Amino acid sequence: MTSARRDWEAARFAQVKEEPAARAGDTEQNVPPPRLGPELAPQAWQVGGRTLQSRFFLGTAGYPSPQVLQDAIAASGAQVVTVGLRRQLAQGSEAGDFFALVRETGAHLLPNTAGCHTAREAITLAHMARELFDTPWIKLEVVGDAHTLQPDPFALLEAATQLVKDGFTVFPYCLDDLVSCQRLLDAGCTVLMPWGAPIGSGQGLLNPSALRTLRARLPGVPLLVDAGIGSPKDATQALQMGLDGVLLNSAIANAVDPVRMARAFALAIEAGRLGFEAGIMPPQDMAVPSTPVAGYPILL
């Protein structure tokens, strides 16, 4: 053994002796997480006149039980949850209990106009939501096709134009088409929610190129991917592309363990955003050695 090798092993042995030994019975759950500096904490951002820490907007439909829903919201860290006013009102007296349950989470409510097929329907429902929840926020949905639940860009623009005039902060669920999005901004919308794929399909981001175009051409506009996300990797992809957040429901509500899945998405969203902020290396056509071998001694 060379002298250099002996010196290295002696130094390493001394370092290991100084490290605290794991206690008997320690598990992964009680090992403290690494402490991160404030510069690595999630950065606050602005949307709809509010400052948020979380970039996770969570839907509230289809959960196995009210308790699972509450636990999933807590695990997600989401500060905004969306509620389908039309769907809940159809349940009659149970609607009040559901709305109270969601309020108890402390999350900000984003009512939506899911199920509306005309601008008139959506406008009427938005006004009902503002009175019921005392918020100017509205997630505007106007369905154009019953099979794909694709947004109707023309009715959506009509409804958004009127609701902005009526004092609403409109979150339009829209296509990933640049021109349609520009028209919504011209109408007074300050945030956009382009779809990733058809609602509830779990297909992920079907057209990343279109989303990249939106991000490049609309640099100052909050963009939230809404619909179609199926797994945490889809959320990470969206945030790594520079999109500002995601809204999802089915991928968590339909999971075998919704609470664990909510936590998985929370971590994926945070990781994607940190990756974007850190600056992801560009792909290379050829191999590039990560450790140059020239000029370094070889220890035997």
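Author: Let's start with a pair of helices: α2 and α11 run roughly parallel to each other (angles under 35 degrees count as roughly parallel, over 145 as roughly antiparallel, 65 to 115 as roughly perpendicular and the rest as oblique). Before going on, note that this is a predicted model, where local features need pLDDT of at least 70 and side-chain atom pairs count only at pLDDT 80 or more, while totals for chains, interfaces and linings use all residues. Residues are numbered from 1 along each chain as its sequence is written, and side-chain values use heavy atoms, with hydrogens and water left out.

Reader: Okay, at what angle do α2 and α11 pack?

Author: About 20°, with the axes of helix α2 (residues 66-76) and α11 8 Å apart. Axes are lines fitted to C-alpha atoms, for helices over the stretch in contact, and angles run from 0 to 180 degrees between N-to-C directions. Helices (H or I, at least four residues) and strands (E, at least two) are DSSP runs, numbered from the N terminus; the chain has eleven helices and ten strands.

Reader: Which residues of α2 meet α11?

Author: Contact means heavy atoms within 4.5 Å. From α2 you get Val68, Asp71, Ala72, Ala75 and Ser76, and they meet Pro258, Val259, Ala262, Arg263 and Ala266 in α11. The residues of that contact split into seven nonpolar, one polar and two charged (Ala, Val, Leu, Ile, Met, Phe, Trp, Tyr, Cys and Pro count as nonpolar, Asp, Glu, Lys and Arg as charged, and the others, Gly among them, as polar).

Reader: And which residues of α2 are buried?

Author: Buried means under 20% relative accessible area, exposed over 50%, partly exposed in between (1.4 Å probe, protein chains only). In α2, Leu69, Gln70, Ala72, Ile73, Ala75 and Ser76 are buried. Across the 300 residues of the chain, 42% count as buried.

Reader: How does α9 sit against α11?

Author: α9 packs on helix α11 (residues 258-278) at about 25°, with the axes 7 Å apart. That angle is why α9 counts as roughly parallel to α11. On the α9 side, Pro232, Ala235, Thr236, Leu239 and Gln240 take part; in α11, they meet Met261, Ala264, Phe265, Ala268, Ile269, Gly272, Arg273 and Phe276. This contact has nine nonpolar residues, three polar and one charged.

Reader: What about strands? How many residues of β5 are buried?

Author: In a regular strand the side chains alternate between the two faces of the sheet. Strand β5 (residues 108-112) has five of its five residues buried. One face carries His108, Leu110 and Asn112, the other Leu109 and Pro111, and both are covered. β5 pairs with strand β4 (residues 80-84) in the parallel sense over five bridges (two strands pair if DSSP finds at least two bridges between them). One of those partners of Gly84 to look up is Asn112 in β5.

Reader: Last one: which residue has a positive phi of about 55°?

Author: Most residues other than glycine have a negative phi. Asp134 is not a glycine, yet its phi is positive, about 55°. You'll find Asp134 in the loop between α5 (119-133) and β6 (137-140). Ala227 also has a positive phi, near 90°, and lies in the loop between β9 (224-226) and α9 (232-240).

Reader: Is Ala227 buried or exposed?

Author: Ala227 counts as buried because its relative accessibility is 8%, whereas Asp134, at 69%, counts as exposed.
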